[in-house]
Amino acid sequence: DSNFGTYLFAILFLWIACFMLFHYGQLYKFAPIMQPWHWFDKLFVAYGIAFMMFLAVAFSLKVSADYSRIWLYTFAASGGVGVVILRIGLSIAVNKLSAIGRFVRNVVIVGNAEQGSRLLKFIEDSDTSFLSLKGVFSAQKNFTSDQSSCFPTIGGIDELMAFVRTNGVDDVIVALPSGTEDHISHVVEQLRELPVNIYLSLDLVSYDLSFRPVPNHYDGFPMVEVKDEPISDWGILFKIASDYVLATVALVLLSPLMVLLGVLIKIDSPGPIFFRQKRLGFNNMEFDIFKFRSMQHSDGIQTKTIQATRHDKRVTRIGKFIRRTSLDELPQLFNVLNGTMSLIGPRPHAVDHNKIYSRQIRGYFARHRVKPGITGWAQVNGLRGETDVLEKMEARVKHDIYYADNWSLMFDLKIVFMTVFVIFFSKDVY
């Protein structure tokens with residue numbers, strides 16, 4: 001009835017307002033969750049503002065008289081108590097999960113023996129349950145294993161890069177002494193290609209790098225942050241939710257068109273409907289990408305990927321249309337649903353192209369710090385189609401890295417709207 005709708009509006013409004021104010025008040029960060037009693041003042045202020053916003057809206061809409069005064073008082077009090085109980089319960093739950101190894105940060109240390117040993121001792125003395133040390137690495141390419149330590153050095157920089165990509169590492173701590181600025185900068189530059197947080201020991205602040213405060217889960221460790229994960233905290237949840245929801249809706253709405261395109265491709269030329277190829281995605285993990293086939297089918301095994309060129313004779317009649325309108329990319333919605341791609345992100349390149357360009361473009365693999373996408377920042381800025389000269393690929397990589405470093409939901413939304421215009425007006429795809 002109408003009363004039910006009125007009270008439901010109050011509950012939903014307060015919930016949304018609290019969510020927004022808690023978010024902007026940074027009350028979803030690690031410290032407010034783990035130590036809620038130190039943040040009760042900010043929690044109550046944010047909750048109070050949210051409730052006052054509801055009263056202001058109800059008064060403006062002239063529906064405030066529809067609410068029982070007793071219900072309003074009870075609603076306000078129970079909501080405030082509920083926030084406190086939920087916060088305390090969440091803190092207890094996270095502590096219990098960390099105690100059994102379900103809620104920890106996987107950490108590796110890279111540096112020299114002296115600096116690294118001091119940091120190891122600090123970690124051991126701090127006795128935090130939120131950290132799991134996965135390994136210690138030398139900052140040199142050629143290293144000598146030291147088996148005398150309880151945490152022996154297990155590799156150099158090359159081994160570190162491979163280890164991080166395959167062992168679910170969250171944070172890399174660079175433990176090198178001050179006075180080795182060039183070496184530190186070189187190590188950090190290599191690590192920037194990884195989708196991890198990068199930290200430096202506190203005595204390393206003598207060289208020119210931008211720093212951020214270290215997060216509270218390190219419990220006062222003497223470190224500063226150089227590079228954070230491109231998508232972290234609540235952003236991960238928002239990104240995944242938007243990908244799965246929008247991809248599912250798109251598949252339902254576009255399924256008739258996709259069936260029609262499949263029939264036309266089959267009639268137009270012999271061969272399969274879908275084109276399947278190995279690509280490198282997030283964290284350099286290999287996956288199979290799906291497209292509608294737009295070229296003549298070949299049974300031979302291709303060892304070299306040849307990009308389509310203008311007036312390419314391999315492109316079929318229906319292939320020209322679906323490539324020009326980007327409809328050949330629609331099957332990648334299945335890649336989004338299986339988790340190997342995102343709706344928005346750097347376009348994945350063929351495996352052999354990655355090998356070639358990574359040797360020619362500095363920091364090339366930094367574009368793989370986020371999932372590849374069906375469309376991306378480079379594509380909506382005119383960097384689509386053939387990359388016949390190195391400068392075009394350099395520009396594309398630059399835009400891809402910019403996206404990884406500056407991701408936000410609003411940025412994704414901007415790319416979605418720009419993609420619509422690119423599809424209809426771009427002349428660079430063939």
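Let's start at strand β4. N197, Y199 and S201 point one way from β4, I198 and L200 point the other way, and all are buried. That makes five of five residues buried in β4, residues 197-201, so the strand is largely enclosed by the rest of the structure. Keep in mind that this is a predicted model.

What does β4 pair with? Its partner is strand β3, residues 171-175, in the parallel sense, over four bridges.

D171 makes a salt bridge with R105, with the closest N and O atoms 2.7 Å apart. This pair links distant parts of the chain: D171 sits in β3, R105 in strand β1, residues 105-111, and they are 66 residues apart. Buried or exposed? D171 is buried, at a relative accessible area of 0%. R105 is at 19%, and under 20% counts as buried, so R105 is buried too.

The count of salt bridges comes to ten. Here are two others. K278 bridges D288, closest N and O atoms 3.1 Å apart. K278 is in strand β6, residues 274-280, and D288 is in strand β7, residues 286-292, so the pair ties together parts ten residues apart in sequence. K278 is partly exposed at 43%; D288 is buried at 19%.

Next, R347 and E329, with closest N and O atoms 3.0 Å apart. R347 lies in the loop between β8 and α11, E329 in the loop between α9 and α10, so this pair ties parts 18 residues apart. R347 is buried at 8% relative accessibility, and E329 is buried at 15%.

Now the surface. F4, L8, L12, W15, I16, M20 and Y24 form a nonpolar patch, with about 820 Å² of accessible area together. M20 belongs to helix α1, residues 2-24, and is partly exposed at 43%.

The whole protein, quickly. There are 14 helices and nine strands. Of the 430 residues, 44% are buried. The accessible surface is about 23,300 Å², 63% of it from carbon and sulfur atoms.

Last, confidence. The average pLDDT is 82, and 83% of the residues score at least 70. Where is confidence lowest? In helix α5, residues 113-126, at a mean of 68, while helix α10, residues 332-337, is highest at 96. Over residues 204-209 pLDDT is below 50, and that stretch has 18 contacts in the model beyond near neighbours in sequence.

Note on methods
Residues are numbered from 1 along each chain as its sequence is written. This is a predicted model: local features need pLDDT of at least 70, side-chain atom pairs count only at pLDDT 80 or more; totals for chains, interfaces and linings use all residues. Side-chain values use heavy atoms; hydrogens and water are left out. pLDDT is the predictor's confidence in each residue, from 0 to 100. Helices (H or I, at least four residues) and strands (E, at least two) are DSSP runs, numbered from the N terminus. Contact means heavy atoms within 4.5 Å. Buried means under 20% relative accessible area, exposed over 50%, partly exposed in between (1.4 Å probe, protein chains only). Two strands pair if DSSP finds at least two bridges between them. Patches are made of residues with over 30% relative accessible area and no salt bridge: like charges are joined within 9 Å, nonpolar side chains (Val, Leu, Ile, Met, Phe, Trp, Tyr) within 5 Å. Accessible areas come from the Shrake-Rupley method with a 1.4 Å probe; for residues, only the protein chains shown count as cover. A salt bridge is a side-chain nitrogen of Lys or Arg within 4 Å of a carboxyl oxygen of Asp or Glu.
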